[in-house]
Amino acid sequence: MFAQWVQSYRDLPLLLNQWANVHRWEMRTRPFVRTLEFLWQEGHTAHATPEEAEAEAMKMLQVYKEFAVTQAAIPVIPGRKSRIESFAGANITYTIEAMMGDRKALQAGTSHNLGTNFAKAFNTQFVDEQQQLQYVHQTSWGMSTRMVGGIIMTHGDDQGLRLPPNVAPTQVVIVPIVKKDTDRASVNEAVDKLHVALKEAGIRVKIDGNDLKTPGWRYNYWELKGVPVRVEVGPRDVEQGACVLARRDVPGEAVTSEELGWDISVAVRPLYLRLSFGL
């Protein structure tokens, strides 16, 4: 299609991005890391000069690195693939190698400078400003659901997931603890105030008020889910004007208490920020 879309230097640069499901043959599969089908984001660009193509390839490598570090909280090493490991047809393949918990590296995203190799194969040419016929210089780059596996392998532990707060669907879960019906109204009132304060602070929060399950069962359930911060509120906490905050990444009983009268986001936000950058 590039050969049909590009005729003149005025058509460049051509920048395309898409999300697509891919099927491929794999002799040995591994969940998330190497599967027969996966969803990925891929980009394809065409440029008038080799310098522009190289700049685009390096820019996308930086985009992937920034996402891995600031959103997925995964340490990565950006670099250039060897000639034998480069993408077939690419002049240069750049990669971010993510460091897993077992000290193995995972190729988490790639950016390829294709030069004019595919342009010559598909006869993708354009007329430049000097009215000369030239081949376009292309790039391609992509990141897939392999990143999901990377997050699991980097942060997960024997208790389940540990999700970085920036990508966690639920950043904070509030668990009310009610043993007597007489305590229900005061505990629920305190929980509702916390819920409103957290939502207003832009934090993705959920209340788990399932009375059919014990508090311990609910703690374990949300630990398996990898929710970064858990807030516990019981009748004694309400009486003392306190609540209990537990970080998912701190094992055992490492908890802190803060006054309910505060803006709860002041107490919670540093917890999940430290979780993001401390993993």
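A charge sits over a ring if NZ of Lys or CZ of Arg is within 6 Å of the ring centre and within 35 degrees of the ring normal. Keep in mind that this is a predicted model.

**Exercise 1.** Find the ring that R230 lies over, and the ring under the charged end of K213.

*Solution.* Start at R230: it lies over the face of Y219, 4.2 Å from the ring centre. Then go to K213, whose charged end sits over the ring of W217 at 4.7 Å from its centre.

**Exercise 2.** Which residues join W217 in a cluster of ring pairs?

*Solution.* Ring pairs link W217 with Y221 and W222.

**Exercise 3.** How many aromatic pairs does the whole structure hold, and what is the geometry of the pair F38 and W40?

*Solution.* A search of the whole structure gives five aromatic pairs. Next, sort the two by accessibility: F38 has a relative accessible area of 9%, under the 20% cut-off, so F38 is buried. W40, at 25%, is partly exposed.

**Exercise 4.** Describe the largest pocket by its volume, its centre and its lining.

*Solution.* First, the volume of the largest pocket is about 920 Å³. Second, 38 residues line this pocket, and those closest to its centre are W40, F87, T110, H112 and S140. Third, elements giving two or more residues to the lining include β2 (37-47) and β5 (105-115). Finally, the lining residues divide into 17 nonpolar, 15 polar and six charged.

Conventions. Residues are numbered from 1 along each chain as its sequence is written. This is a predicted model: local features need pLDDT of at least 70, side-chain atom pairs count only at pLDDT 80 or more; totals for chains, interfaces and linings use all residues. Side-chain values use heavy atoms; hydrogens and water are left out. On a 1 Å grid over the protein atoms alone, a cavity is a set of points where a 1.4 Å probe fits but cannot get out, and a pocket is an open set with protein on both sides within 12 Å along at least five of seven lines; lining residues have an atom within 4 Å of a point. Grid points are joined across faces, edges and corners, and a volume is the space filled by probe spheres set on the points. Helices (H or I, at least four residues) and strands (E, at least two) are DSSP runs, numbered from the N terminus. Ala, Val, Leu, Ile, Met, Phe, Trp, Tyr, Cys and Pro count as nonpolar, Asp, Glu, Lys and Arg as charged, and the others, Gly among them, as polar. Rings of Phe, Tyr and Trp (its six-membered ring) pair if their centres lie within 6.5 Å; planes under 30 degrees apart count as stacked, over 60 as edge-to-face and the rest as tilted. Buried means under 20% relative accessible area, exposed over 50%, partly exposed in between (1.4 Å probe, protein chains only).
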